[in-house]
Each structure stands twice: as C-alpha cells, then as structure tokens.
Amino acid sequence: MFDNLDGLQTLDCSFAEGVATVALNRPERLNAISKQMHADLRTVLDAVENDHAVRCLVLTGKGRAFCSGQDLTEGLPLGPDGEPDLATALDEDYNPFVRRLTQLKIPTVAALNGIAAGAGANLALVCDIVLAAQSASIVEAFRRIALIPDAGGTWLLPRIVGRSRALAMMMTGEGIDAETAMDWGLVWKVYADASFASDVQAFAAELAAGPTATFAMMKQAVDASWHNDLSAQLDVERDLQAVCGGQADFAEGVAAFAGKRPAKFTGK
Ligand code: T3D
C-alpha cells in the first residue's frame with residue numbers, strides 16, 4: 001500500500017490526511033526524468049490505484065525545481081539505424097504514464113515548488129489542478145533542443161491558453177512566471193514560497209475529504225466534453241448524475257445541508 005513503498009530510488013513519498021505526496025527526488029539534476037524515475041512512477045501509480053485510503057495525489061519536486069523534463073544526460077534508446085529512437089521512449093514511458101495519471105479516479109495536484117521545464121511542464125499540466133509557489137515558472141523548453149512538446153503538451157496548452165499563446169510558449173521557449181501562469185489559467189493558485197508545502201497539504205487534504213467518486217465523474221464528464229456537442233454532453237451529464245444520485249455521499253451532502261452541518265464524505 002502507499003505508505004509502505006520500499007525501494008524507490010528517485011521519488012520521496014509520504015502519506016497524510018488521505019493525501020499521497022510524491023516528490024521527484026533528483027535535485028542535483030533539477031529532478032530530470034530518468035528511466036529509473038519512470039519505473040518508480042509506475043510503482044507509485046500501482047500503489048495509488050490499489051489503496052482506497054489515498055483520495056488525492058500530489059506531485060511535487062525536491063530542491064529548487066519541480067522538474068527539468070527528460071534527463072538529457074541519459075542515453076536514449078537507439079533505433080535500427082543507430083539514431084535516437086524517441087518514439088519508443090514516448091511509447092514505453094511518457095505516454096503510458098500520462099494516460100494512467102489522467103485516468104486516476106482521485107484528484108491529482110501538481111505542486112510547482114520551482115521551475116517546470118519540458119516534459120516536466122507538461123506532466124504538471126496533465127494533473128487536474130496546478131498550484132505554484134511564487135518563484136515557480138513554466139517553460140516549454142523543447143525548442144532549445146529542436147523537439148516539439150510531448151507528454152500531452154500540444155494537446156493541453158492550446159486548450160488552456162489558446163493557440164496563439166501556446167505556439168508562442170513553444171516557439172520562444174520563454175518561461176512564464178507563476179502569476180502570469182495563473183492569469184492564463186495554467187495555475188489555479190499561487191502561494192508564498194515559505195508556506196508552500198503546508199499550503200499545498202491543506203489544499204490537498206480538503207480535496208481528499210471531498211466526494212471522491214463524484215470528482216472522478218467530473219473528470220469523466222469534462223474529458224468527454226472535448227468530443228461531444230452540447231446535446232450529447234447533456235446525455236453524459238444525465239447518466240453520470242444518475243450514478244451520483246445513488247451514492248452515499250449525495251445522501252450525506254443533502255442530510256448535512258438539512259442539518260446545517262458540514263458534510264462528512266466517505267468518497268463513495
Ligand atoms: O522522447 C524522449 O525521451 C524525449 C523526451 C523529451 C522530453 C523533454 O523533456 S525535452 C526537454 C528537456 N529539458 C530541457 O531541455 C531543460 C534542460 N534544462 C534547462 O534548460 C535548465 O536546466 C533549466 C532552465 C531547467 C534551469 O536552469 P538553471 O540555470 O536554473 O539550472 P542549471 O544550472 O541549468 O541546472 C542545474 C543542474 O541540473 C545542472 O547540472 P550541473 O551542471 O550542476 O552538474 C544541469 O545540467 C542539470 N540539469 C538541468 N536540467 C537537466 C539537467 N540534467 C539532465 N537533464 C536535464 N533535463
């Protein structure tokens with residue numbers, strides 16, 4: 001289970017108040033993502049998916065950065081022609097991770113304690129909610145090494161900030177500071193650096209005490225909306241709301257409202 005994870009080489013994990021916090025832990029490389037880190041992240045996702053006590057996942061970084069993206073000092077797999085085989089790296093590691101992360105049935109929070117660059121930026125943006133410390137920044141650094149944004153970046157960025165800003169971020173590789181990122185909708189809240197860790201824990205604990213199964217259906221509905229027209233989406237909402245109406249948390253929410261007391265959700 002999550003609070004009993006052994007043998008992780010690149011992650012520092014902790015659990016409190018229903019919140020699993022996973023800190024990328026290679027501060028000397030600004031938490032660059034290595035093959036080992038991908039393996040460790042898979043182990044963490046296995047644990048999170050199988051531990052019902054975990055009702056919110058926080059992804060953050062140790063040291064002064066959130067994540068500097070792919071470890072550029074690590075050898076990439078080579079194809080038969082001897083050229084770097086980036087497609088395999090994406091197929092084996094990044095893409096399955098992004099798919100699993102976005103399909104988790106609990107809220108996911110990226111807590112940007114510092115710079116998020118390259119794939120590090122995009123892994124943050126695929127989380128449900130992004131929080132940032134005042135000194136954090138987001139950099140689509142890929143152009144510096146003549147790559148396009150991956151890990152979902154070309155899908156997410158235009159949807160969040162619009163085509164023009166997305167392409168400007170990609171083509172210039174300029175960093176966006178935390179306040180601007182909040183203005184542009186990339187970040188939900190910015191906190192002072194000094195209190196960031198405790199502010200994130202308080203925020204995440206609130207989510208973890210929420211109606212977890214309903215949150216999962218919110219994600220399902222929002223994700224379905226990208227390829228639905230309004231009429232089809234109304235049907236999605238009807239079907240999911242029917243499920244919500246049969247849940248214990250709905251009954252508890254209504255009872256709490258009637259009793260003028262805070263609801264005590266179990267997540268079911
Ligand atoms: O298919 C595939 O597998 C390809 C997938 C690609 C996905 C990607 O993520 S591509 C983009 C990769 N990331 C980058 O291009 C960013 C590289 N890093 C930087 O541009 C800068 O480090 C930062 C802007 C993030 C921060 O700059 P600064 O000046 O604050 O720090 P620094 O001095 O550059 O970095 C500190 C140390 O971390 C330094 O090591 P040293 O010299 O002290 O021994 C630096 O080399 C190391 N480091 C930073 N980023 C990476 C890294 N080491 C390996 N990989 C990194 N990505």
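How many residues surround the ligand, and which are the closest? In this predicted model, 25 residues surround the ligand, and the closest are Arg64, Ser68, Gln70, Leu72 and Ala119.

**View 1. Polar contacts between the ligand and the protein backbone.** A nitrogen atom of the ligand sits 2.9 Å from a polar backbone atom of Ser68. Oxygen atoms of the ligand take part in two further pairs: one is 2.8 Å from a backbone N or O atom of Ala119, and one is 3.4 Å from a backbone N or O atom of Leu86. The ligand taken alone exposes 1,100 Å², of which the protein buries 69%.

**View 2. Composition of the shell around the ligand.** Helix α2 gives the most, with four residues. By residue class, the shell divides into 14 nonpolar, five polar and six charged residues.

**View 3. Helix α8 and its cover.** Helix α8 spans residues 212–225, 14 residues in total. From the first C-alpha to the last, α8 reaches 20 Å, close to the 20 Å expected at 1.5 Å a residue. The buried residues of α8 are Thr212, Thr214, Phe215, Ala216, Met217, Lys219, Ala221 and Ala224. An α-helix has 3.6 residues a turn, so residues three or four places apart point the same way. The cover over the buried residues of α8 includes α2, β5 (108–112), α7 (196–208), α9 (230–245) and α10 (248–258).

View 4. His227 is located in the loop between α8 and α9. Is His227 buried or exposed? His227 counts as exposed because its relative accessibility is 66%, and the cut-off for exposed is over 50%. The C-alpha atom of His227 is 17 Å from that of Gly162, a residue 65 places away along the chain.

**View 5. Ser137 in strand β8.** Ser137 belongs to strand β8, which covers residues 137–139. With a relative accessibility of 17%, Ser137 counts as buried, since the cut-off for buried is under 20%. Beyond its neighbours within four places in sequence, Ser137 is in contact with Gly114, Ile115, Ala116, Ile176 and Asp177.

**View 6. Tyr191 in strand β10.** Strand β10 (residues 189–191) contains Tyr191. The relative accessible area of Tyr191 is 16%, so Tyr191 is buried. Residues up to four places away in sequence aside, Tyr191 touches Leu131, Ala132, Ala133, Gln134, Phe196, Asp199 and Phe203.

View 7. Leu30 has a phi near 55°, a positive value in a residue other than glycine. Leu30 lies in the loop between β2 (19–24) and α1 (35–50). At a relative accessible area of 22%, Leu30 is partly exposed. Ala151, likewise not a glycine, has a positive phi of about 55°. The loop that holds Ala151 runs between β8 and α4 (153–161). Ala151 is buried, as its relative accessible area is 3%.

Notes
Residues are numbered from 1 along each chain as its sequence is written. This is a predicted model: local features need pLDDT of at least 70, side-chain atom pairs count only at pLDDT 80 or more; totals for chains, interfaces and linings use all residues. Side-chain values use heavy atoms; hydrogens and water are left out. A residue is near a molecule or strand if one of its heavy atoms lies within 4 Å of it. A polar contact is a pair of N or O atoms within 3.5 Å; within protein, one must be able to donate a hydrogen and the other to accept it, and residues adjacent in sequence count only if both atoms are side-chain atoms. Accessible areas come from the Shrake-Rupley method with a 1.4 Å probe; for residues, only the protein chains shown count as cover. Helices (H or I, at least four residues) and strands (E, at least two) are DSSP runs, numbered from the N terminus. Ala, Val, Leu, Ile, Met, Phe, Trp, Tyr, Cys and Pro count as nonpolar, Asp, Glu, Lys and Arg as charged, and the others, Gly among them, as polar. The expected span of a helix is 1.5 Å times one less than its number of residues. Buried means under 20% relative accessible area, exposed over 50%, partly exposed in between (1.4 Å probe, protein chains only). Contact means heavy atoms within 4.5 Å.
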